[in-house]
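These are my notebook entries on a structure I looked through piece by piece.

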Amino acid sequence: APTHTVLGIESSCDETAIALVTSDREILAQRIASQEAEHAPYGGVVPEIAARAHAERLAPMLYAVMEDAGLGLDQIDAVAATAGPGLIGGVMVGLVSAKALAMAADKPLIAVNHLEGHALSPRLADPALGFPYLLLLVSGGHCQVLGVAGVGRYRRLATTIDDALGEAFDKTAKILGLGYPGGPAVEKLAREGDPHAVPLPRPMKGSSEPHFSFAGLKSAVLRAHDSGEYASADIAASFQQAAVECLLDRLDKVLSREGEFPALVVAGGVAANARVRGALETFAASRGMTFSAPPMALCTDNAAMIAWAGCEKLAIDPDFAGDPLDIKARPR
Ligand code: KG4
Ligand code: ZN
């Protein structure tokens with residue numbers, strides 16, 4: 001198969017990211033700029049600020065990535081960009097930039113669904129990972145289980161009916177006064193606590209639907225904290241324990257409905273959590289599934305996964321002429 005080089009652009013949330021990736025799984029160059037500082041004063045991502053920051057940063061970052069790789073636009077095979085879902089202003093900035101580049105370089109535009117980028121990213125890191133696999137995507141914005149049967153062949157098997165798991169970690173951190181981002185802080189404090197000290201609910205546990213719910217867990221954390229009866233470390237540890245049990249119960253439900261999968265893969269920011277990873281690894285082993293987690297840089301939002309999704313699409317259709325230049329950015 002011919003080697004393709006794809007430029008990827010990601011701008012759907014608060015990371016501006018550009019990467020050059022080959023179908024041989026080489027990341028030739030990449031830049032990622034976090035907007036954490038811009039949004040921190042507001043305690044969350046402000047869409048208007050995000051869109052402006054993407055617009056300011058994309059062009060200089062593009063120059064830098066091309067220069068790092070020592071490539072000209074004539075040497076790439078396609079331009080891939082996130083076309084949604086995400087904050088619409090940011091998605092539009094990235095997608096419009098990609099359209100202009102594709103037009104100027106006379107290369108195909110590849111519109112990538114952000115979740116598809118996450119879904120395929122494990123294959124960038126692991127050449128041995130074949131289809132199908134079960135992907136647990138747990139981040140600040142997503143909490144889903146996807147069945148990945150091939151390129152363009154995804155089924156969403158479960159999703160959260162309220163908060164994402166990363167969001168629940170962040171809210172727990174806020175309640176306990178640990179600051180933002182909360183996940184790593186909760187994990188650290190949990191190491192000093194008793195995971196069975198605080199009675200917390202396991203929302204959806206035993207439900208016949210495979211979906212997730214974390215809003216009730218967060219409320220219970222708030223009540224436990226306000227009661228003044230428990231040490232913060234015990235609340236953190238008990239929250240993490242409840243969250244892990246919910247994940248395993250829901251995965252169990254998905255498998256009982258969908259049948260066997262040879263592999264379990266976890267992605268998203270929460271995959272950084274050692275307790276979560278460990279529990280998933282044990283769970284997978286007990287089901288005879290292999291377990292893998294891409295390196296953190298590929299787990300969290302990045303552009304290499306978008307470029308890689310472009311490589312995967314070119315690999316199954318080398319003559320792909322590209323998505324139409326009037327393709328729309330989609331918030332959902
Ligand atoms: O994938 P990500 O960087 O961004 C998106 O949301 O798309 O995920 C960030 C989320 C945050 O909610 C953060 O608190 C959580 O991942 N997170 C963690 C840990 N590290 C990051 N949650 C639990 N334990 C961690 N060690
Ligand atoms: Zn994401």
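**Entry 1, helices on the sheet.** I looked up helix 2 (residues 47-69) in this predicted model, and I found that helix 2 lies across strand 2 and strand 3, running at about 25° to strand 2. I then turned to helix 11, which also packs on the sheet and touches strand 1 (5-10), strand 2, strand 3, strand 4 (78-84) and strand 5. The direction of helix 11 makes about 135° with that of strand 1.

In what order do the five strands of the open sheet stand? I read the order as 3-2-1-4-5, and I noted that the pairing is mixed. Strand 3 (27-34) and strand 5 (109-113) each have a single partner strand, so they stand at the edges and one side of each is left without a neighbour in the sheet. From one strand to the next, the twist averages 20°. For my own background I wrote down that strands of a sheet pair through backbone hydrogen bonds, either parallel or antiparallel. Strand 2 and strand 3 run antiparallel here, and seven bridges join them; I checked T16, whose bridge partner in strand 3 is A33.

I picked V21, which has its place in strand 2 (residues 15-22). Is V21 buried or exposed? I count V21 as buried because 27 other C-beta atoms lie within 10 Å, where 20 or more are needed for that label. Leaving aside residues up to four places away in sequence, V21 touches V6, G8, I27, L28, A304, A307, W308 and C311. I also looked up A303, which is 282 residues from V21 along the chain, although 9.2 Å separate the C-alpha atoms of the two.

Where they meet, twelve residues of domain 1 are in contact with 16 residues of domain 2. On the side of domain 1 that touches domain 2, the elements giving two or more residues are helix 4 (114-125) and helix 11 (304-316), and helix 4 gives the most, with six residues. Sorted by class, this side of domain 1 has six nonpolar, three polar and three charged residues.

The shell has 20 residues, of which S139, G140, G166, G183 and G269 come nearest. I sorted the shell by class as well, and it has six nonpolar, ten polar and four charged residues. Helix 5 (165-175) and helix 6 (182-190) each supply at least two residues of this shell.

I went back to helix 6 and found it mostly covered, with seven of its nine residues buried. The buried ones are G182, G183, A185, V186, E187, L189 and A190, and I noted that G183 is also one of the residues that come nearest to ligand 1. What covers the buried residues of helix 6 includes helix 5, helix 8 (232-258) and helix 9 (274-286).

Conventions. Residues are numbered from 1 along each chain as its sequence is written. Chains are lettered from A and ligands numbered from 1 in the order in which they are written. This is a predicted model: local features need pLDDT of at least 70, side-chain atom pairs count only at pLDDT 80 or more; totals for chains, interfaces and linings use all residues. A residue is near a molecule or strand if its C-beta atom, placed from the backbone, lies within 6 Å of it. Helices (H or I, at least four residues) and strands (E, at least two) are DSSP runs, numbered from the N terminus. Ala, Val, Leu, Ile, Met, Phe, Trp, Tyr, Cys and Pro count as nonpolar, Asp, Glu, Lys and Arg as charged, and the others, Gly among them, as polar. A residue is buried if 20 or more other C-beta atoms lie within 10 Å of its own, exposed if 12 or fewer, and partly exposed in between; C-beta atoms are placed from the backbone. Two residues are in contact if their C-beta atoms, placed from the backbone, lie within 7 Å. Two strands pair if DSSP finds at least two bridges between them. Axes are lines fitted to C-alpha atoms, for helices over the stretch in contact, and angles run from 0 to 180 degrees between N-to-C directions.
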